[in-house]
Amino acid sequence: MSMESTYRGGTLSLTIYGESHSPTIGVYVKGLPEGVKPDPEFTSRLMARRAPGNNAWSTPRKEKDEVIFEEKDGVLHGYIINSNTKPKDYASIMNKPRPGHADYTGKIKYKDEASRSGGGIFSGRMTAPLCIAGSIALNELNRMGISVYAHLKTCAGVADDSYYDHDVNDEDFRKALSEVSSKEFPSVSDEAGQKMKEKIEEARMDQDSVGAVVECVIYGLPAGVGGPLFDGLEGKIAGLIYAIPAVKGVEFGAGFGAAELRGSSNNDAFFYENGEVRLKTNNCGGILGGISVGSAAPLVFDCAFKPTPSISRTQQTIDIEAGTNTDINIEGRHDPCVAPRAVPVVEAAAAIALYDMILTESAHEDA
């Protein structure tokens with residue numbers, strides 16, 4: 001039986017199933033409003049952005065990621081037939097947990113049910129079903145005038161043009177950010193992107209890997225979405241973002257940097273502009289008290305991706321069956337940096353959280 005993981009939101013429910021090298025991977029989506037259907041072309045474009053094997057800085061594993069949609073009894077099923085599986089690449093390390101992977105903890109938790117190749121359900125491959133569901137949420141948010149954009153903010157010491165390099169509601173940056181989705185490499189600045197690619201290639205040639213930070217900016221979110229405590233926007237979004245393998249940190253607005261500021265510097269002053277409420281700065285990341293500030297400032301958060309744990313260097317580990325210390329050499333096909341292909345995944349995850357919250361709040365208002 002394939003392993004699965006379920007997200008239970010206020011309105012939406014997602015069940016992702018399958019494993020990195022299983023015949024199929026997919027997602028069941030429950031709770032979509034009547035009349036909401038997937039847009040195959042929109043989904044295809046999003047899937048293409050995270051697809052492997054298209055460039056030198058990603059895994060050479062080739063997958064078409066063609067999504068098949070089926071609907072029955074109000075449940076939407078989107079799935080992909082895996083075509084380029086190579087479980088034999090992991091045969092030599094079945095009892096040797098790979099450092100930085102979930103092999104050890106997965107075996108403790110699920111015993112023989114846990115996958116024994118390619119990371120199973122813990123693999124980054126499982127972000128594909130997340131994007132299937134996210135494509136529907138993104139498309140519906142677009143219809144509401146809400147745009148979700150992400151890009152690589154930093155990678156291997158190289159910084160891209162960032163939201164916080166500009167004024168709070170800078171339209172030029174918004175336009176530049178909206179163009180990232182059509183680029184081969186997800187950076188605002190092409191010059192910064194080239195330097196990032198060079199650093200990623202250096203790590204690959206050194207049999208190593210690098211991490212990165214992805215910045216996500218959300219425009220058009222109306223004021224009043226969210227709530228206090230358990231209903232806060234930060235918690236709802238972070239919960240979905242942490243479902244992305246390799247994410248190790250999430251911060252909103254100034255984030256951890258706010259701890260180094262005084263209140264007089266961290267506070268965002270209000271002002272009117274043409275009758276509209278605005279913020280002078282956006283250290284809050286567009287959220288106050290867990291609630292969106294609306295047109296006053298966009299919602300902004302960063303998420304940190306660890307370096308890809310699968311590297312070609314010899315590493316120390318244990319042999320669980322023998323009960324001894326040993327070394328491990330990881331074969332297979334791996335990204336020297338997962339973050340470039342994770343940029344659309346961040347957009348998808350954030351969209352699911354927001355769409356679910358909007359649907360839930362709308363239902364409560366109508367009740």
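## Chat about a sheet and its helices

User: Hi! How do the axes of helix H6 and helix H8 cross, and within what distance do they come?

Analyst: In this predicted model, the axes of helix H6 (residues 233–241) and helix H8 (residues 339–366) cross at roughly 135 degrees and come within 8 Å.

User: Are H6 and H8 parallel or oblique to each other?

Analyst: Oblique: the cut-off for roughly antiparallel is over 145 degrees, and H6 and H8 therefore count as oblique to each other.

User: Left-handed or right-handed, that crossing of H6 and H8?

Analyst: The H6 and H8 crossing is right-handed.

User: Which residues make the contact?

Analyst: From H6 there are Leu 233, Lys 236, Ile 237, Leu 240 and Ile 241. H8 brings Val 346, Ala 349, Ala 350, Ile 352, Ala 353, Leu 354 and Met 357.

User: And how do the residues of that contact divide by class?

Analyst: The H6 contact with H8 has 11 nonpolar residues, no polar ones and 1 charged.

User: OK, switching to H3. How do the axes of H3 and H8 cross?

Analyst: Helix H3 (residues 127–143) and H8 have axes that cross at roughly 55 degrees and come within 7 Å. That angle makes H3 oblique to H8. Here the crossing is left-handed.

User: Which residues of H3 and H8 meet there?

Analyst: On H3, among them are Leu 130, Cys 131, Ala 137, Leu 138 and Leu 141. On H8, the residues they meet include Val 345, Ala 348, Ile 352, Tyr 355 and Ile 358. Sorted by class, the H3 contact with H8 has 15 nonpolar, 2 polar and 2 charged residues.

User: Nice. Now the sheet: in what order do its strands run?

Analyst: The sheet is open and has 5 strands, in the order S1-S2-S3-S5-S4, with antiparallel pairing. Strand S1 (4–8) and strand S4 (68–72) are the edge strands, each pairing on one side only. From one strand to the next, the twist averages 15 degrees.

User: How many bridges join S4 to S5?

Analyst: There are 5 bridges between S4 and strand S5 (residues 75–81), and the two run antiparallel. For one of the residue pairs, Glu 70 has His 77 in S5 as its bridge partner.

User: Which helix packs on the sheet, and which strands does it touch?

Analyst: That's H3 again: H3 packs on the sheet and touches strand S2 (13–17), strand S3 (24–30), S4 and S5. The direction of H3 makes about 35 degrees with that of S3.

Methods: Residues numbered from 1 in each chain as written. Predicted model: local features only at pLDDT ≥ 70, side-chain atom pairs only at ≥ 80, totals over all residues. Heavy atoms only, no water. Pairing = 2+ DSSP bridges. Helix = DSSP H or I, 4+ residues; strand = E, 2+ residues; numbered from the N terminus. Axes fitted to C-alpha atoms, helices over the stretch in contact; angles between N-to-C directions. Contact = heavy atoms within 4.5 Å. Parallel < 35°, antiparallel > 145°, perpendicular 65-115°, else oblique. Left-handed = near helix turned anticlockwise from the far one by under 90°. Nonpolar A, V, L, I, M, F, W, Y, C, P; charged D, E, K, R; others polar.
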